[in-house]
Amino acid sequence: MILVKKIPVEETYPIRLAVLRPNKTLKDCIFTHDEDKSTFHLGVFVDDQLACIGSFYFQKHPYFKEEDQCQLRGMATLHEYQGKGLGTMLLRKAFEIFLDNGIELFWCNARTSAMPFYQKLELVTIGGEFEVPEIGPHYVMYCRM
């Protein structure tokens with residue numbers, strides 16, 4: 001059974017560490033705005049095992065004029081669950097939440113290696129490639145709701 005639901009931020013840390021920051025410490029997996037009232041975190045559970053996570057922050061990017069924007073950070077799927085559609089399920093649930101809350105635009109700083117995943121969900125790039133120190137090349141990707 002697969003279930004997508006809101007989770008406490010602390011549940012995201014082990015997957016952030018394993019997938020996004022494998023050579024860092026748990027402290028490196030705590031992001032600014034994780035605890036904001038408007039922030040929410042989603043998890044995809046496969047047979048009660050948390051397998052995929054994403055965090056969503058209501059904040060604006062200077063590229064866009066829309067007032068109500070949401071940023072994705074820290075999306076990750078455990079290696080053994082990758083390629084099974086869990087990330088797509090997570091984002092589809094997030095899109096439902098965005099629509100229910102009047103979010104006009106969704107954006108993220110996507111790792112260059114993850115761009116094909118986001119493109120399948122109809123996100124497009126804006127601007128050029130940029131480097132996130134110690135993480136690698138990224139592009140800003142977005143979609144209007």
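**Rings and strands**

Biologist: What is the relative accessible area of Y63?

Modeller: Y63 is partly exposed, a class lying between buried (under 20% relative accessible area) and exposed (over 50%), with a 1.4 Å probe and protein chains only. The model is predicted, with local features needing pLDDT of at least 70 and side-chain atom pairs pLDDT 80 or more, whereas totals for chains, interfaces and linings use all residues. Residues are numbered from 1 along each chain as its sequence is written, and side-chain values use heavy atoms, without hydrogens and water. For Y63, the relative accessible area is 45%.

Biologist: How are the rings of Y63 and F64 arranged?

Modeller: Rings of Phe, Tyr and Trp (its six-membered ring) pair if their centres lie within 6.5 Å, and planes under 30 degrees apart count as stacked, over 60 as edge-to-face and the rest as tilted. By this rule the count is 11 aromatic pairs. The centres of Y63 and F64 are 6.2 Å apart and their planes stand at 80°, so the pair is edge-to-face.

Biologist: Which residue in β4 stands opposite F56?

Modeller: Strands here are DSSP runs of E, at least two residues long and numbered from the N terminus, and two strands pair if DSSP finds at least two bridges between them. Strand β3 (residues 49-57) pairs with β4 (residues 69-77) in the antiparallel sense over 5 bridges. F56 is also the bridge partner of F40 in β3, and in β4 it stands opposite L72.

Biologist: How many of the 9 residues of strand β3 are buried?

Modeller: Strand β3 also pairs with β2 (residues 40-46), antiparallel over 7 bridges. It is largely enclosed by the rest of the structure, because its buried residues number 8.

Key
Helix = DSSP H or I, 4+ residues; strand = E, 2+ residues; numbered from the N terminus.
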